[in-house]
Amino acid sequence: MSIFEKLDEVENRYEELGQLLADPKVLANPKELQKLARERAEISKLVETYRVYKKVSEEIQESRPLLWEADEEMRELAKSELQSLKERQAGLEQEIRVLLLPKDPRDEKNIFLEIRAGTGGEEAALFAADLFRMYAKYAEINRWRVEVMSQNFTGLGGFKEVIALIEGKGVYSRLKYESGVHRVQRVPVTEASGRIHTSTVTVAVLPEADEVEVEVNPNDLRIDVFRSSGPGGQSVNTTDSAVRITHLPTGMVVTCQDEKSQHKNKAKAMKVLRARLLDQLMEAQRSEISEERKSQVGSGDRSERVRTYNFPQNRITDHRLGLTLYRLDTILEGDLGELIDTLNAHFQAEALKSRG
């Protein structure tokens, strides 16, 4: 089946769905109505783009005879218009190819954002706090909800580790390429001589897992409770509300102590554990893909250095793209749109290449 035959089929299905959604039997069945409405919404962008593509193609056919007009001025005008239409047609064809790529079923999921200080001691922890603030600002711009699940402060207000749930439309699709090692170059507040230091922070973006996706056997868990502690280890709670869950088959450990309720901390910890177990399953699937394919579409390996933040030059460089921007200050305020759009376009192009 050619790409255009497939597009005709999609367009016919779109029309069929429109008729079904007006059917009284469907309108009386909220579950079926929601299912069909979702299916139609998923293909609407592709159908709209294909219809514009067909209209532009028709205009190209109609413009060709004008190239043989006797009037030279008319011929030049037709030539210029034809060139413009062909460029638009090529752009629409590329857009259609991207829209035809298999959708990542996790794209609409909420995420767990895990940020951990790497090499660099206190300075790495302070930068971890800066990164968390950057993502929180970006979430605010997109009207997403951020809920801190767990945080481990240092004495100067940095984070050894912070885990947050980010909820909203298309969160995973926007942030899934943020996983990896983020490197910072700047003069630390703890440095008296003014020397530039290099520190690292690791970022992990995990799609939230549904209970049906990851079934956890209660017999596989060891649950410990203890008193919450703050910076320096001092107790900040008089009851055993903090919860540590160990998943015995994998050795994964999740600790939550932010809530005063042991029940709430346990529920949060289970959510994080399920997301990590889903991520492990995804990683196992990725490792089955050939090395060649991994190099084309990106491995998603969190040991990969993805970005450098250079404060003295107000510079940020994404190493996967070879893209450098000289506005680190605005990006740290949550203005990540350009970076994320370029990353998505890059990985879409790689996926198209890998499909031949």
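**Close-up views of a predicted model**

**View 1. Arg 276 lies in helix H7 (residues 262-288), helices being DSSP runs of H or I with at least four residues and strands runs of E with at least two, both numbered from the N terminus.** This is a predicted model, in which local features need pLDDT of at least 70 and side-chain atom pairs count only at pLDDT 80 or more, whereas totals for chains, interfaces and linings use all residues. Residues are numbered from 1 along each chain as its sequence is written, and side-chain values use heavy atoms, with hydrogens and water left out. With a relative accessible area of 15%, Arg 276 is buried (buried means under 20% relative accessible area, exposed over 50% and partly exposed in between, with a 1.4 Å probe and protein chains only). Apart from its neighbours within four places in sequence, Arg 276 is in contact with Glu 114, Arg 116, Ile 163, Leu 206, Met 252, Val 253 and Val 254, where contact means heavy atoms within 4.5 Å.

**View 2. Phe 127 and Tyr 309 form an aromatic pair.** A search of the whole structure finds six aromatic pairs, a pair being rings of Phe, Tyr and Trp (its six-membered ring) with centres within 6.5 Å, counted as stacked if the planes are under 30 degrees apart, edge-to-face if over 60 and tilted for the rest. In the pair of Phe 127 and Tyr 309, the ring centres are 5.1 Å apart and the planes stand at 65°, so the pair is edge-to-face. This pair links distant parts of the chain, since Phe 127 belongs to helix H5 (residues 121-141) and Tyr 309 to strand S9 (residues 305-310), 182 residues apart. Phe 127 is buried at a relative accessible area of 0%, and Tyr 309 also counts as buried, at 0%.

**View 3. The charged end of Arg 40 sits over the ring of Tyr 14, 3.9 Å from its centre.** Such a placement requires NZ of Lys or CZ of Arg within 6 Å of the ring centre and within 35 degrees of the ring normal. The charged end of Arg 186 sits over the ring of Phe 311, at 4.7 Å from the ring centre.

**View 4. Ring pairs link Phe 132, Phe 153 and Phe 159 into a cluster.**
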